[in-house]
Amino acid sequence: MNDETTAGPALRVVGGGRGAGRTVWVVNGPNLGRLGSREPDIYGRVDAEELARRVAAWGGELGLDVTLKQSDDEATVMGWIHEAADRGIGVVLNPAAFTHYSYGLRDAVADLTARGGVLVEIHISNPSSRETFRHTSVISGVATGTIAGFGLDSYRLALSALAAR
Ligand code: DQA
């Protein structure tokens with residue numbers, strides 16, 4: 001998370017506390033604010049706050065300054081992708097249900113990657129092994145890459161991929 005501490009003029013601690021790194025946003029789509037209680041057999045029992053702590057810590061280990069954002073609102077998620085594209089911020093995106101039908105979000109992601117931005121699509125579960133409607137991702141074709149099926153480790157793997165670029 002973007003927890004920023006100032007301790008005197010000389011010391012500035014950002015993100016995982018290991019120094020200012022490249023900014024990365026982890027963007028979670030609809031219903032992912034309900035992690036921990038939502039269908040725990042599929043998504044696990046770790047809640048969104050703990051996920052925010054974990055992505056910040058994983059990012060810190062990789063030299064990234066990671067902020068987790070979540071919204072159930074498509075326009076808000078698209079606004080974050082536009083801003084990331086404009087500012088050259090790397091993105092780990094779990095589009096959640098938007099994955100399967102949001103051409104608006106696809107177009108926003110396509111613009112980001114066409115401009116040289118990096119965006120990793122991730123999923124906690126493996127949508128390809130679930131209901132048929134989840135087998136289609138309208139995002140994958142315009143994302144830099146996709147990671148799915150590793151539980152919350154999908155986020156960590158995506159951050160590693162971003163850090164390596
Ligand atoms: C999900 C998979 C989607 O099909 C679903 O709508 C989600 C979460 C995942 O992380 O496994 O909300 O993106």
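Predicted model: local features only at pLDDT ≥ 70, side-chain atom pairs only at ≥ 80, totals over all residues.

Student: Is arginine 130 buried or exposed?

Tutor: Arginine 130 counts as buried, because its relative accessibility is 18% and the cut-off for buried is under 20%. Glutamate 131, at 37% relative accessibility, counts as partly exposed.

Student: Where is arginine 130 found, and with which residues is arginine 130 in contact, leaving aside its neighbours within four places in sequence?

Tutor: Arginine 130 sits in the loop between strand S6 (119-123) and strand S7 (145-148). With those sequence neighbours left aside, arginine 130 is in contact with Ile42, Tyr43, Ser125 and His135, and a polar contact of 2.9 Å joins its side chain to that of serine 125.

Student: How many salt bridges does the count come to?

Tutor: The count comes to eight salt bridges. One of them is between arginine 53 and glutamate 50, with the closest N and O atoms 3.0 Å apart; both residues lie in helix H2 (residues 48-61), three residues apart, which is about one turn of the helix. Arginine 53 is partly exposed, with a relative accessible area of 47%, and glutamate 50 is also partly exposed, at 25%. In another salt bridge, the side chains of aspartate 111 and arginine 115 meet at 3.2 Å, N to O.

Student: Now the strands: which way do the residues of S5 point?

Tutor: In a regular strand the side chains alternate between the two faces of the sheet. From S5, Gly90, Val92 and Asn94 point one way while Val91 and Leu93 point the other way, and all are buried. Since five of the five residues of strand S5 (residues 90-94) are buried, this strand is largely enclosed by the rest of the structure.

Student: Which strands do bridges join to S5?

Tutor: Strand S3 (residues 22-28) is joined to S5 by five bridges, and the two run parallel; valine 92 in S5 is the bridge partner of valine 26. S5 and S6 also run parallel, joined by three bridges, and the bridge partner of valine 91 in S6 is leucine 119. Between S5 and S6 the chain crosses through helix H4 (residues 103-114), in a β-α-β crossover that is right-handed.

Notes
Residues numbered from 1 in each chain as written. Heavy atoms only, no water. Helix = DSSP H or I, 4+ residues; strand = E, 2+ residues; numbered from the N terminus. Polar contact = N/O pair within 3.5 Å; in protein donor to acceptor, adjacent residues only side chain to side chain. Contact = heavy atoms within 4.5 Å. Buried < 20%, exposed > 50% of the residue type's maximum accessible area, 1.4 Å probe, protein only. Pairing = 2+ DSSP bridges. Right-handed = clockwise from strand over helix to strand, strands pointing away. Salt bridge = Lys/Arg side-chain N within 4 Å of Asp/Glu carboxyl O.
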